[in-house]
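User: I would like to learn how to read helix packing and backbone angles in a structure. Could we take it feature by feature?

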Amino acid sequence: MNDPNSCVDNATVCSGASCVVPESNFNNILSVVLSTVLTILLALVMFSMGCNVEIKKFLGHIKRPWGICVGFLCQFGIMPLTGFILSVAFDILPLQAVVVLIIGCCPGGTASNILAYWVDGDMDLSVSMTTCSTLLALGMMPLCLLIYTKMWVDSGSIVIPYDNIGTSLVALVVPVSIGMFVNHKWPQKAKIILKIGSIAGAILIVLIAVVGGILYQSSWIIAPKLWIIGTIFPVAGYSLGFLLARIAGLPWYRCRTVAFETGMQNTQLCSTIVQLSFTPEELNVVFTFPLIYSIFQLAFAAIFLGFYVAYKKCHGKNKAETPESKENGTEPESSFYKANGGFQPDEK
C-alpha cells in the first residue's frame, strides 16, 4: 500500500506530507485543440453555406436591395440595440454584456435558411440576407461593439480584443466567398459539400457543449439573469424583425423570412469568436451564453413553426401566398410595397 503521508511521484518539492505538484497542462492543450478544431469545422460550415448561394440570384437582390436593407437594419440595428438594452436592464457583468452584443451582431446561419423554407418564406432572400450579413459582419460587429461598449471601456471595466475578433471574422468570411465560387463553377459538387457542411454544423454544436463543459466547468454555474436574457433575446429578434418587415411593406412570406433571419443567429460563429478572443479565465464567465441562446432560439423557432403549420391546416394557405401566386406576381401589396416596387427582386 502507498504511504498516505508520502508525496506523489511527480511532486517537485516535498516536505513531509506537504507537496508542490506541477500545474497540469492538460487544459491548456485541450483549449488549443478546441480552438483549432472549432476554426476548421466552422470554416467548413461557412464554406458549405457559400455553396448554397447562387451568384445570379444573389446579385438580383443586390440590384434591388429593399429586402436586404430591411434585413440589414434588423440584423445590425435591432439586435445589437436589444442586446445592449437587456444587458443594462439586468445589470450583468461587462464581459457578459460583450458576449450578448457579439450574439446580437452575428449573422444568421444555415438554420435560418431551413426555417425560411419550412414556413414558405423567400428562400432567395433568406440566403442573400445570410450571405450579406456574414460579409458585412466583418465591419459591423467591431463597429457595434465600439458604440455599445463605450460606457464599460471608458470606465476601464473591459478591454475589447478587436484584433482577435477581426482575425476570426476575416478567416471565416473567406470560405463563404470560395463556396459561392464553387457553386457557380461546379453546382453538383456544391450540393454534396452542403450536406457535409450540415453534418459538420451538428458536430460543431455538440463539440462546443461537451469540450467546453470540460474546459470551463465553472461557467455552467449560470446566473439567472443570463437565462432570462437568453430567453427574451431570440423572441425579441423574431418579433421585432417581423414587425419591422411588415412596417416596411414587405409581403407576409418575406416578413416571416426576415423574422427568422433576425432572431436565428449563427451561435457556432459566436462560440468560435468567443473561444478565440478571450482568456480561459474570462471564458469561465461567458462561455455558456451562446449555448443558452442557441437552446431558446431553436425552442421558440419550433413553437412559431408549429403555430404556422397549425394555421395552414386550420385555415389553408392564403391564395396570395402560394408559390404559384408568387410566380404570377399576385402578392398582396401595401402602398409602401408599391412605392418601393423598384427595390424588389425580380419574381420568376
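Analyst: Start with handedness: a crossing is right-handed if the near helix is turned clockwise from the far one by less than a right angle, and left-handed if anticlockwise. In this model, which is predicted, helix 3 passes helix 4 in a right-handed crossing.

User: At what angle do the axes of helix 3 and helix 4 cross?

Analyst: The two axes cross at roughly 160° and come within 8 Å. Angles over 145 degrees count as roughly antiparallel, so helix 3 is roughly antiparallel to helix 4.

User: Which residues of helix 3 and helix 4 meet?

Analyst: Contact means heavy atoms within 4.5 Å. From helix 3 come Gln75, Phe76, Met79, Pro80, Gly83, Phe84 and Ser87; they meet Ala97, Val100, Leu101, Gly104 and Cys105 of helix 4. By class, this contact has eight nonpolar, four polar and no charged residues.

User: How do helix 4 and helix 6 cross, and which residues meet there?

Analyst: Helix 4 spans residues 94–105 and helix 6 spans residues 123–148; their axes come within 10 Å and cross at roughly 145°. This crossing is right-handed. On the helix 4 side, Val98, Leu101, Ile102 and Cys105 meet Ala137, Met141, Cys144, Leu145 and Tyr148 of helix 6. The contact consists of nine nonpolar residues, with no polar and no charged ones.

User: Is Asp91 buried or exposed?

Analyst: The cut-off for exposed is over 50% relative accessible area. Asp91 has 59%, so Asp91 is exposed.

User: What about Asp120: where is it, and is it buried or exposed?

Analyst: Asp120 lies in the loop between helix 5 (110–118) and helix 6. Its phi is also positive, near 55°, in a residue other than glycine. Buried means under 20% relative accessible area; Asp120 has 17%, so Asp120 is buried.

User: What does UniProt list as "transmembrane region"?

Analyst: The unreviewed UniProt entry lists several spans under that name, including residues 65–89 and 95–119. In the model, residues 65–89 are 96% helix and 0% strand, with end C-alpha atoms 35 Å apart. Residues 95–119 are 80% helix and 0% strand, and their end C-alpha atoms lie 36 Å apart.

Note on methods. Residues are numbered from 1 along each chain as its sequence is written. This is a predicted model: local features need pLDDT of at least 70, side-chain atom pairs count only at pLDDT 80 or more; totals for chains, interfaces and linings use all residues. Side-chain values use heavy atoms; hydrogens and water are left out. Axes are lines fitted to C-alpha atoms, for helices over the stretch in contact, and angles run from 0 to 180 degrees between N-to-C directions. Helices (H or I, at least four residues) and strands (E, at least two) are DSSP runs, numbered from the N terminus. Ala, Val, Leu, Ile, Met, Phe, Trp, Tyr, Cys and Pro count as nonpolar, Asp, Glu, Lys and Arg as charged, and the others, Gly among them, as polar. Buried means under 20% relative accessible area, exposed over 50%, partly exposed in between (1.4 Å probe, protein chains only). Angles under 35 degrees count as roughly parallel, over 145 as roughly antiparallel, 65 to 115 as roughly perpendicular and the rest as oblique. UniProt positions are given in the numbering used here, feature names are shortened, and annotations may be inferred rather than shown by experiment.
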